[in-house]
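Me: Hey, I've got a protein to go through for class. Can you walk me through it?
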Amino acid sequence: MTTRRHHLAALAALTLLPAASRARPSDASNAGDAPAARRALLLGQTGGPHAAVDEAIRQHLTRRGWAVTMAGQDAAPQAAQGMALVIISSTVAAKNVHPGWRQLAAPLLTWENDLLDDLAMTGKRSGADYGEAEKERYLWLVNAPHPLSAGLPAGAANVYVKQAPMSWGKPGLGAATIATLYGQPEKAALFGYEKGATMDYETLAPARRVMFFLDNASFTNLSESGLRLFDAAVDWAAG
């Protein structure tokens, strides 16, 4: 996770980033050949220490029929043109992520808890409205009928093969909370907003928004249940 941005007002004045920072398709993505409903943009820290994990996510999505374009953390929202889904990995440095993603009228999935307040998905207080638990393995599913629950039963769900960090947030009243950290019901680990739902700061979700519980390296640590939840998050977010 990365350092917080403390000057949101200044960010609002930023102009669009230069074309050099926009998304560059992966050699294997073939996004232009895929149906629009199966195109995704994945933002991550290009060349960072966990780039291989982002690549594993891309490969997993590709096996599920998605055409994934990889983009650097400083990509401008225009890179999402023609995409059915934007995914922001926690490998990004939140201070380097363009503020325009907050208003993007396209579905968005993220597990960067440090970005939740900038997306208006939670309040602003690090450690109180969003954060990361150091060692977790279980979630407590509280909304089993919701599609984001992936058909798993209510109650405890073992989502990691071994203990690892989990991101969490405290969503606004318009969210559907799906799961919390085990034994910590005030910390939502998986939640989503429908388009038009009230998020934080009285912001209306411009499209579906989903917060997932991963951290930088834990995708490859997901159990079978955890991977089912991940796939359900992708599918529900994209509609």
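Me: Leaving aside its neighbours within four places in sequence, which residues is Ala36 in contact with?
Reply: Those are Gly82 and Ala84. One thing to keep in mind for everything here: this is a predicted model.

Me: OK. And where is Ala36 placed?
Reply: You'll find Ala36 in the loop between helix H1 (8–12) and S1. It counts as partly exposed, at 47% relative accessibility.

Me: How far apart are Ala36 and Ala67 in space?
Reply: Going C-alpha to C-alpha, Ala36 and Ala67 are 9.2 Å apart, while in sequence they are 31 residues apart.

Me: Let's zoom out. How many helices and strands does the protein have?
Reply: It has three helices and eleven strands. Starting at the N terminus, the elements run α-β-α-β-β-β-β-β-β-β-β-β-β-α.

Me: What share of the residues is buried?
Reply: Buried residues make up 54% of the 239 residues. As for the accessible surface, the protein has about 10200 Å² of it, and 53% of that belongs to carbon and sulfur atoms.

Me: And what about contacts between residues at least 6 apart in sequence, how many of those join residues at least 24 apart?
Reply: That would be 67% of them.

Me: Now helix H2. What distance should H2 span, and what does the model give?
Reply: H2 covers residues 51–63, which is 13 residues, and at 1.5 Å a residue they should span 18 Å. The C-alpha atoms at its ends are 19 Å apart, so the two agree.

Me: Which residues of H2 are buried?
Reply: Val53, Asp54, Ile57, Arg58, His60 and Leu61. Looking down the axis of H2, these buried residues fall within an arc of 160°, so they line one face of the helix.

Me: Then what's on the face turned away from the buried side of H2?
Reply: That face carries the exposed residues Ala52 and Arg63.

Me: New topic, salt bridges. How many are there?
Reply: The count comes to five salt bridges. One of the pairs is Arg58 with Glu55, where the closest N and O atoms are 2.8 Å apart. Both of those residues lie in helix H2, three residues apart, which is about one turn of the helix.

Me: Which residue does Asp129 meet in a salt bridge?
Reply: Asp129 meets Arg125, at 3.0 Å from N to O. Asp129 is buried, with a relative accessible area of 9%, whereas Arg125 counts as exposed at 53% relative accessibility.

Me: And what's the partner of Glu194?
Reply: Glu194 forms a salt bridge with Arg208, and their closest N and O atoms are 3.0 Å apart. Glu194 itself is partly exposed, with a relative accessible area of 38%.

Me: Last topic: the inside. How many residues are in the largest nonpolar core?
Reply: It has 42 residues, and those with the most contacts inside it include Leu109, Leu139 and Phe230. Several elements supply at least two residues each, among them S1, H2, S3 and S10.

Me: Which element gives the most to this core?
Reply: That's H3, with seven residues.

Me: You mentioned Phe230. What does Phe230 touch, not counting residues up to four places away in sequence?
Reply: Phe230 touches Ile57, His60, Leu61, Trp111, Phe212, Leu214, Phe219 and Leu222.

Me: How many residues are in the second, separate core?
Reply: That second core has 30 residues, including Leu43, Ala120, Met121 and Met199.

Technical notes: Residues are numbered from 1 along each chain as its sequence is written. This is a predicted model: local features need pLDDT of at least 70, side-chain atom pairs count only at pLDDT 80 or more; totals for chains, interfaces and linings use all residues. Side-chain values use heavy atoms; hydrogens and water are left out. Helices (H or I, at least four residues) and strands (E, at least two) are DSSP runs, numbered from the N terminus. The expected span of a helix is 1.5 Å times one less than its number of residues. Buried means under 20% relative accessible area, exposed over 50%, partly exposed in between (1.4 Å probe, protein chains only). The arc is that of the directions from the helix axis to the C-beta atoms. A salt bridge is a side-chain nitrogen of Lys or Arg within 4 Å of a carboxyl oxygen of Asp or Glu. Contact means heavy atoms within 4.5 Å. Accessible areas come from the Shrake-Rupley method with a 1.4 Å probe; for residues, only the protein chains shown count as cover. A nonpolar core is a set of buried Ala, Val, Leu, Ile, Met, Phe, Trp, Tyr and Cys residues joined through side-chain atoms within 4.5 Å.
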